[in-house]
Amino acid sequence: MSDSLSFTKSGISSTNKFILLSLVSVALLVLDSRYAAVQTAKRYIATALYPLQWVANQPMEWYEYGSALMHSQNYLLSENQRLTKENMQLKIQTRQAEVQLRELADVKALLTLKQQGLSEAVAAEVISNGKEPIGGRMIINKGSTHNIREGDAVVDDAGLIGQVLQVHPLTAEISPITDSSLTIPVMVARTGVRSLVYGGSGELTLRYFPTDADLQPNDLLVTSGLDSIYPAGIPVARVQHTSRNAGTPFYRAELKPVAALRVSKYVLVLPQTDSTLIQAASAAALVCRAPIGLRRLNQSLSKRNVF
């Protein structure tokens with residue numbers, strides 16, 4: 001009865017187990033080093049146990065593979081977001097650089113134009129389309145404090161843009177050449193035939209060019225300089241198409257402005273020629289054409305202080 005209730009059973013002690021296992025290990029080492037049959041048996045046993053080892057290692061390999069896959073995916077997602085952000089930033093910087101290069105090219109062209117004889121011209125920047133953007137009017141950042149007056153001509157590096165309409169102390173409003181209020185004396189650069197170009201409805205018209213004169217497509221119209229506003233030789237428009245109006249002695253021509261009316265960022269304002277100088281030159285020309293006797297009579301009367 002006491003044997004059935006005992007919780008401990010007699011057996012080999014731990015020390016004896018250690019000694020026994022040590023002897024078995026030494027015996028196996030000796031057999032392995034001296035007998036080839038033991039090595040062959042070991043290979044067979046290893047081969048038979050390989051599937052068990054492979055199955056036992058699979059959970060760890062799957063865990064490592066899943067961890068690496070998740071880490072790689074997270075890394076790729078973060079890198080993709082970073083590269084996408086950098087790509088957007090580089091695109092914006094490239095666009096900004098293109099705009100700056102375009103503005104720099106415009107400034108260089110205007111400086112070159114100013115150095116070619118327009119030393120009194122005032123360089124200005126277009127800052128707004130004004131109150132009537134549909135009409136194409138522009139606002140520049142120079143005004144009466146910069147000696148700009150109403151009626152001054154405005155050009156860019158390509159040609160004539162328009163005329164100063166209103167002047168304020170620090171700004172001025174420009175009316176484009178396509179405005180109905182402007183009439184520009186021009187001449188054909190190829191032949192020198194003079195005429196007038198009229199603005200209106202956002203386009204240019206050549207109304208009274210006689211059919212007996214030579215006008216061809218791609219002809220360039222430049223300012224003739226017959227007024228005190230537009231200096232001679234500034235490109236105005238290019239002829240796109242010509243035809244003869246039935247029943248009238250004038251051409252019907254389609255014109256395209258040379259200047260970039262809605263694109264130019266920087267412009268030059270050309271001062272007007274003093275009207276008193278023009279009147280003096282006209283008077284001098286009339287005196288030179290007068291008969292000699294009349295000129296002597298005027299000289300004698302002036303000496304007598306008759307006038």
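Which residue takes a positive phi near 85° in the hairpin of β6 and β7? Keep that question in mind as you open the viewer.

**Before you start**

This is a predicted model, in which local features need pLDDT of at least 70, side-chain atom pairs count only at pLDDT 80 or more, and totals for chains, interfaces and linings use all residues. Residues are numbered from 1 along each chain as its sequence is written, and side-chain values use heavy atoms, with hydrogens and water left out.

**Stop 1**

Select residues 183-188, which make up strand β6. Strands here are DSSP runs (E, at least two residues), as helices are (H or I, at least four), and both are numbered from the N terminus. Strand β6 runs antiparallel to β7, with five bridges joining them; two strands pair if DSSP finds at least two bridges between them. Click on Met-187 and then on Arg-194, its bridge partner in β7. Five residues lie between the two strands of this hairpin, and Gly-192 is the one with the positive phi near 85°.

Now select residues 194-200, strand β7 itself. Five of its seven residues are buried, so β7 is largely enclosed by the rest of the structure. Buried means under 20% relative accessible area, exposed means over 50%, and partly exposed is in between (1.4 Å probe, protein chains only).

Move on to residues 203-205, strand β8, which pairs with β7 in the antiparallel sense over three bridges. Gly-199 has Leu-204 as its bridge partner in β8. This second hairpin has two residues between its strands, and Ser-201 in the turn has a positive phi of about 60°.

**Stop 2**

Select Asp-219, in the loop between β8 and β9. Is Asp-219 buried or exposed? At 5% relative accessibility, it counts as buried. Since Asp-219 is in the loop between β8 and β9 and Arg-190 in the loop between β6 and β7, the pair ties together parts that are 29 residues apart in sequence. A salt bridge is a side-chain nitrogen of Lys or Arg within 4 Å of a carboxyl oxygen of Asp or Glu. From C-alpha to C-alpha, Asp-219 and Arg-190 are 6.9 Å apart. Look also for the backbone nitrogen of Gln-216, which lies 2.8 Å from a polar atom of the Asp-219 side chain.

**Stop 3: other salt bridges**

How many salt bridges does a search of the whole structure find? The search finds seven. One of them joins Arg-137 and Asp-179 (3.5 Å, N to O). This pair links distant parts of the chain, 42 residues apart: Arg-137 sits in the loop between β1 and β2, and Asp-179 in the loop between β5 and β6. Both residues are buried.

Next, select helix α2, residues 36-115. Glu-86 and Arg-82 are four residues apart in this helix, so about one helical turn separates them. Their salt bridge has its closest N and O atoms 2.8 Å apart.

**Stop 4: the barrel**

Finally, colour the strands β1-β2-β5-β4-β3-β12: in that order, the six close into a barrel with antiparallel pairing. Within it, five bridges join β4 (residues 160-167) to β5 (residues 172-176). To find one of these places, select Gly-162 and its bridge partner in β5, Pro-176.

Definitions and conventions:
A polar contact is a pair of N or O atoms within 3.5 Å; within protein, one must be able to donate a hydrogen and the other to accept it, and residues adjacent in sequence count only if both atoms are side-chain atoms.
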